Amino acid sequence: MPLSLLSSPLDVRPGAASRQQQLLARFKRAILGGQLPPGSRLPSTRSLCEQLQVARNTVLAVYEQLVAEGYAVADRQGTRVATLLAAPARLHAVSPASRTGHARPSRRVSTMQPTRDAGDRGLALTPGMPALNRFPLNAWLRAQERALKRAGPMALAYGDPLGEPVLREAIAQYLRVARGVRCEAGQVVVTEGSQGALSLCVRLFANPGERAWLEDPGYGGVRAAFHAGDMKIRSMPVDEEGILIAERAWRSPPRLIHVTPSHQYPTGAVLSLARRLALIARAREHGCWIIEDDYDSDFRHHGHPIPAMQGLVPDAPVLYVGTFSKTLFPGLRIGFLVLPSSVGEGAGRALSELLRGGHRLEQLALAEFMAGGQFARHLGRMKRLYRERQQALRAALQAQLPEFGISGGDSGLHLTLRLPPDCPDTAVSTAARAAGMNVGALSSFSAGPAQAGNNGLVIGYGNTSQEQYAALIRRLAGIVRRVQRDQSVAG
């Protein structure tokens, strides 16, 4: 018996683990470490009680737990250490193979680069972050109470894998009216945010090794979803009319094409009607699927929202993805995917296996929130607020940095400020973050080496009140000037 098991007193100080837990941990360490070899008998409960000054029930409970977990076996002669499959020495040995093999992630993981830091999202000027302090919390709590009262304890159970039927119906009705989407409730799948919808598109409609096209610069989340599906990714440039696909690219057509046509992320470009129709025609011709990511098009600041690409023609080869992260709040983690009616029952059967219904209370509460008119009212208030904030931010940028171009102001929650080549956006972004501003570097949204002209700042206005803009942009302008001077000196 290892001396430390018997001679070292148990810790009785306030806050220490219970004596039973301490003694159990000692035995486990001794068995796994080889100090107690297989077959060796453990001391009698009586003698161990006397040695460690603990109650006999404590030792009995420890021995019972050791037997239950497989560390020991008990018979008429007492309790002895069990014979383990792996020798303790092998469990603790670290071989060169384990250092290079077990610690190494999959190839798909190694290709992913971090694009955000959760700790930065509370900073001013964060792109894509809505005005959380304007969300009607009391109305949301009432919707939750009504949902819980209607569903009762079943609100805590598993739900429909495709999402709560009442919410799917509410989403379909909203999309038909507000976004011009051709859909019925049966085509809607509720997901874990838009990222869950993007990953689902890959799992349902693509195979490993098939090609995928994405916008450059573009949303990093879809890049991660394509990588996770082991797809071959090709970046397509973006100009003032959205994604630009060269004719020769269609010689090797993709399986999936991701676009943000109503408000390109992050440049703010709107995909022209001619390119939309051409893309749909080519996708049909080559058997491709278009993923239309309609992440924030509800907030259009001039005129009416641009209808969804999905509704342009009947049964378009479009997988429509949306989210409530911008219209309500990101922590809700509810997005949706609208499947084409042509997909059929096969996808439904697969989805029933791939997904597990959950978050029932949140889904039911959201359905109540929409049915009661609170969603429409909140959306109307936010449209007015974001229009005012966009105009105020634009004015502040024009006052402090008049020589730089601004794009992306017709919709959404951010503007893009174009910087000259002598002012690296990554240097400005890093310095701004240290100064309390979470502006994004435009070049960081590129899938590979940044395309020419993708040097700028992505500046959010959803989460920052307009009263702060003058001081913030004055500080940001000072950082831009300093980076330019440093680059001039270094050059």
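Q: Where in the chain is Pro217 found?
A: In this predicted model, Pro217 is found in the loop between strand S4 (211–216) and helix H11 (220–228). The peptide bond that leads from Asp216 into Pro217 is cis, with omega near 5 degrees.

Q: Which peptide bond is cis with omega near 15 degrees?
A: That is the bond from Tyr265 to Pro266. Pro266 has its place in the loop between S7 and H12.

Q: What makes Gln264 buried?
A: Its relative accessible area is 1%. Buried means under 20%, so Gln264 qualifies. Gln264 belongs to the loop between strand S7 (256–259) and helix H12 (273–286).

Q: Which residues does Gln264 touch, not counting residues up to four places away in sequence?
A: They are Glu215, Pro217, Gly218, Val238, Ala269 and Tyr295.

Q: Why does Gln484 count as buried?
A: The relative accessibility of Gln484 is 17%. The limit is under 20%, so the residue counts as buried. Gln484 lies in helix H17.

Q: How do you know that Gln484 meets residues from elsewhere in the sequence, and which does Gln484 touch?
A: Leaving out residues up to four places away in sequence, Gln484 touches Phe404, Pro420, Asp422 and Cys423. For one of these, Asp422, the C-alpha atom is separated from that of Gln484 by 6.2 Å, while the two residues are 62 residues apart along the chain.

Q: Which residues in H16 meet which residues in H17?
A: From H16 come Ala427, Val428, Ala431 and Ala432, and from H17 come Leu476, Ile479, Val480, Arg482 and Val483. This contact divides into 8 nonpolar residues, no polar and 1 charged. Arg counts as charged, so Arg482 is the charged residue of the contact.

Q: Which residues in H9 and H14 meet?
A: Val166, Leu167, Ala170, Ile171 and Tyr174 in H9 meet Gln363, Leu364, Leu366, Ala367 and Met370 in H14. By kind they divide into 9 nonpolar, 1 polar and no charged.

Q: How do you know that Leu167 is buried?
A: Its relative accessible area is 0%. That is under 20%, so Leu167 is buried. Leu167 lies in helix H9 (residues 165–178).

Q: Which residues does Leu167 touch, not counting residues up to four places away in sequence?
A: They are Val190, Ile334, Gln363, Leu366, Ala367 and Met370. The C-alpha atom of Leu167 is also separated by 10.0 Å from that of Phe369, 202 residues apart along the chain.

Q: Why does Gln53 count as exposed?
A: Its relative accessibility is 61%. Exposed means over 50%, so Gln53 counts as exposed. Gln53 lies in the loop between helix H3 (45–52) and helix H4 (56–68), and has a positive phi of about 55 degrees although it is not a glycine.

Q: What makes Asp230 partly exposed?
A: Its relative accessible area is 33%. Buried would need under 20% and exposed over 50%, so Asp230 is partly exposed. Asp230 has a positive phi of about 55 degrees and is not a glycine; its place is the loop between H11 and strand S5 (232–239).

Q: How far does helix H2 reach from its first C-alpha to its last?
A: H2 (residues 19–32), with 14 residues, reaches 20 Å, close to the 20 Å expected at 1.5 Å a residue. Its buried residues include Leu23, Phe27 and Ile31. Just after H2, Gly34 takes a positive phi of about 90 degrees.

Technical notes: Residues are numbered from 1 along each chain as its sequence is written. This is a predicted model: local features need pLDDT of at least 70, side-chain atom pairs count only at pLDDT 80 or more; totals for chains, interfaces and linings use all residues. Side-chain values use heavy atoms; hydrogens and water are left out. Helices (H or I, at least four residues) and strands (E, at least two) are DSSP runs, numbered from the N terminus. Buried means under 20% relative accessible area, exposed over 50%, partly exposed in between (1.4 Å probe, protein chains only). Contact means heavy atoms within 4.5 Å. The expected span of a helix is 1.5 Å times one less than its number of residues.
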